[in-house]
Amino acid sequence: MDRPGAVAELRAVVARFARDHTVGEDRWCVALSGGPDSLALTAAAATVMPTTALIVDHRLQPDSSSVAATARDQALALGCVRAEVLCVEVGTAGGPEAAARAARYRALDDARAGAPVLLAHTLDDQAETVLLGLGRGSGARSIAGMRPCDPPWYRPLLAVRREVTHRACAELRLTPWQDPHNTDRRYTRVRLRTDVLPALEEALGGGVAEALARTATALREDNDTLDGIAAEILTRLAAGGDAGGLPTAALAPLPEGVRRRVIRGWLLAGGAVGLTDKQIRAVDGLITAWRGQGGVAVPSAQPRTRLFAGRRSELLMLYREPV
């Protein structure tokens, strides 16, 4: 039997995703860069539901306005009801990749007008994300990769290989934009894509990308279960009325994985952001290895303020100091 066309395959995937995850009621947006993945997703999405293409122009390259204009024209030709170019200013916080990502998501969130946004991350992107998490040693949460549904963001192509989106563009006779950053070896993700994953595929006999994606799914399911248990415990402890603190006697007997999730939830509720596994373990040490040590600094969402978790007698407490 002949293999179905890539375009038909993607349409079926997107339609099934919308049905299974009830994405939106009567409209959605798609984040379109002009590259093959987002272009193929746009083509499929526009046949399933009224679709608005949102094209972010980061203005980091001399021809970025031309690239954005071409993507807008392609989106309308593919059947999108609207196509909007969003010009952003990219800062410097966290490095160029992180700053561009932050600017892009802010622009998409501002422009979506309450509609869900489809993102064109593929199975290959998921595999690269898992490898990045492994290399950073930042715990199961980062190795669990990207979620298919993280409202308002939806990723219908996480089970689709990148070669399918490229074939779809060829079938539609579309000329995708080739982002030069995707071949720039200064970026870790590019080196993973061009060196590490091919080497692993050769050494292990293939199927590595799919295996990494399955690992992400399994870990995400485990994380969700443990996070739910931790949330129930945190709610119960918060109802105890300890002035925002956590009683160490109630935390100490908990299994380590659950206890650290309770700590993480408490820190986030108290205004912490961007927590690392190392910081959470340091706060955990205030319970399990208490020797009178001082507080643990954690990143704060409040500008010009330092946030600390410290122990006072039998309670973990949060306190702030001006920078």
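Two strands pair if DSSP finds at least two bridges between them. With that in hand, here are some close-ups of this predicted model.

**View 1. Strand β7 next to strand β10 in the sheet.** β7 and β10 (residues 315–322) run antiparallel and are joined by two bridges. Look for Leu246: its bridge partner in β10 is Leu316.

**View 2. The open four-stranded sheet with helix α11 on it.** Reading across, the strands go β7-β10-β9-β8, and the pairing is antiparallel. β7 (246–247) and β8 (296–298) sit at the edges, each pairing on one side only. Helix α11 (residues 256–269) packs on this sheet and touches β7, β8, β9 (305–312) and β10. The directions of α11 and β10 make about 35 degrees.

**View 3. Helix α5 crossing helix α8.** Here α5 (residues 123–136) packs against α8 (residues 188–204) at an angle of about 95 degrees, and the axes are 10 Å apart. Angles of 65 to 115 degrees count as roughly perpendicular, so α5 is roughly perpendicular to α8. On the α5 side, the contact is made by Asp125, Ala127, Glu128, Thr129, Leu131 and Leu132. From α8 come Thr188, Arg189, Leu192, Arg193, Val196, Leu197 and Leu200. Sort the contact by class and you get seven nonpolar, two polar and four charged residues.

**View 4. Pro96 in helix α4.** Pro96 belongs to α4, which covers residues 96–111. Is Pro96 buried or exposed? Its relative accessibility is 59%, so Pro96 counts as exposed, the cut-off being over 50%. Between Pro96 and Tyr319 there are 32 Å in space, C-alpha to C-alpha, and the two are 223 residues apart in sequence.

Note on methods: Residues numbered from 1 in each chain as written. Predicted model: local features only at pLDDT ≥ 70, side-chain atom pairs only at ≥ 80, totals over all residues. Heavy atoms only, no water. Axes fitted to C-alpha atoms, helices over the stretch in contact; angles between N-to-C directions. Parallel < 35°, antiparallel > 145°, perpendicular 65-115°, else oblique. Contact = heavy atoms within 4.5 Å. Nonpolar A, V, L, I, M, F, W, Y, C, P; charged D, E, K, R; others polar. Buried < 20%, exposed > 50% of the residue type's maximum accessible area, 1.4 Å probe, protein only.
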